[in-house]
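Dear colleague,

Please find below the structure that I am handing over to you.

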Amino acid sequence: QVQLVESGGGLVQAGGSPRLSCAASRSIVRIYAMGWYRQAPGKQRELVATITSGRNTNYADSVKGRFTISRDNAKNTLYLQMNSLKPEDTAIYYCNAGGYNSYWGQGTQVTVSS
């Protein structure tokens, strides 16, 4: 079992650069894949970015070049650096550990104003 708590969301102006954090309740060293997903109103949850224990990363085309996912195993924390935010990035952002059918955080709202 692992509990995940996201933070860092809020109201941001377009072009802003907030960083989301996801703190895990235990060591994430042995968790192979972690990721960020998002869900906008009226839409399905979609993948934003994933990172493996070997630091291999994967991004949705819509965020490639603007967002950066990273993990700090010593701090048991996953990050998502978001740059050049657009209004269409508005969503609830969820942290995931262990794959889609495993562990989820409660989500953090990111609202981008134009």
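The notes below cover a sheet, several individual residues and a pocket.

This is a predicted model, in which local features need pLDDT of at least 70 and side-chain atom pairs count only at pLDDT 80 or more, while totals for chains, interfaces and linings use all residues. Residues are numbered from 1 along each chain as its sequence is written, and side-chain values use heavy atoms, with hydrogens and water left out.

The sheet

Four strands form an open sheet in the order E1-E3-E8-E7, and their pairing is antiparallel. Strands here are DSSP runs (E, at least two residues) numbered from the N terminus, and two strands pair if DSSP finds at least two bridges between them. At the edges are strand E1 (4-7) and strand E7 (67-72), each of which pairs on one side only. On average, neighbouring strands of this sheet are turned by 15° against each other, direction ignored; the axes behind this angle are lines fitted to C-alpha atoms, and angles run from 0 to 180 degrees between N-to-C directions. E1 and strand E3 (residues 19-24) run antiparallel and are joined by four bridges. Within this pair, valine 5 stands opposite alanine 23 in E3.

Individual residues

Contact means heavy atoms within 4.5 Å.

Valine 112 belongs to strand E11 (residues 108-113). Valine 112 counts as buried because its relative accessibility is 6%. Residues up to four places away in sequence aside, valine 112 touches Val12, Gln13, Ala14, Leu85, Lys86, Pro87, Asp89 and Thr90. Valine 112 and aspartate 89 are 23 residues apart in sequence, and their C-alpha atoms are 6.7 Å apart in space.

Threonine 52 is in strand E5 (residues 46-52) and, at 12% relative accessibility, also counts as buried. Apart from neighbours within four places in sequence, threonine 52 is in contact with Tyr32, Ala33 and Arg71.

Glutamine 106 sits in the loop between strand E10 (103-104) and E11. With a relative accessible area of 47%, glutamine 106 is partly exposed. Its contacts, neighbours within four places in sequence left aside, are Leu4, Val5, Glu6 and Tyr94. Glutamine 106 and leucine 4 are 102 residues apart in sequence and 7.5 Å apart in space, C-alpha to C-alpha.

Two loop residues other than glycine have a positive phi. Arginine 55, in the loop between E5 and strand E6 (57-59), has a phi near 70°. Arginine 55 counts as partly exposed, at 42% relative accessibility. Asparagine 76, in the loop between E7 and strand E8 (77-82), has a phi of about 55°.

The largest pocket

A pocket is, on a 1 Å grid over the protein atoms alone, an open set of points where a 1.4 Å probe fits, with protein on both sides within 12 Å along at least five of seven lines; lining residues have an atom within 4 Å of a point. The largest pocket has a volume of about 170 Å³, a volume being the space filled by probe spheres set on the points. Its lining consists of 13 residues, of which Arg38, Lys43, Glu46, Glu88 and Asp89 lie nearest its centre. The lining divides into two nonpolar, four polar and seven charged residues, where Asp, Glu, Lys and Arg count as charged, Ala, Val, Leu, Ile, Met, Phe, Trp, Tyr, Cys and Pro as nonpolar, and the others, Gly among them, as polar.

With kind regards

Note on methods
Buried means under 20% relative accessible area, exposed over 50%, partly exposed in between (1.4 Å probe, protein chains only).
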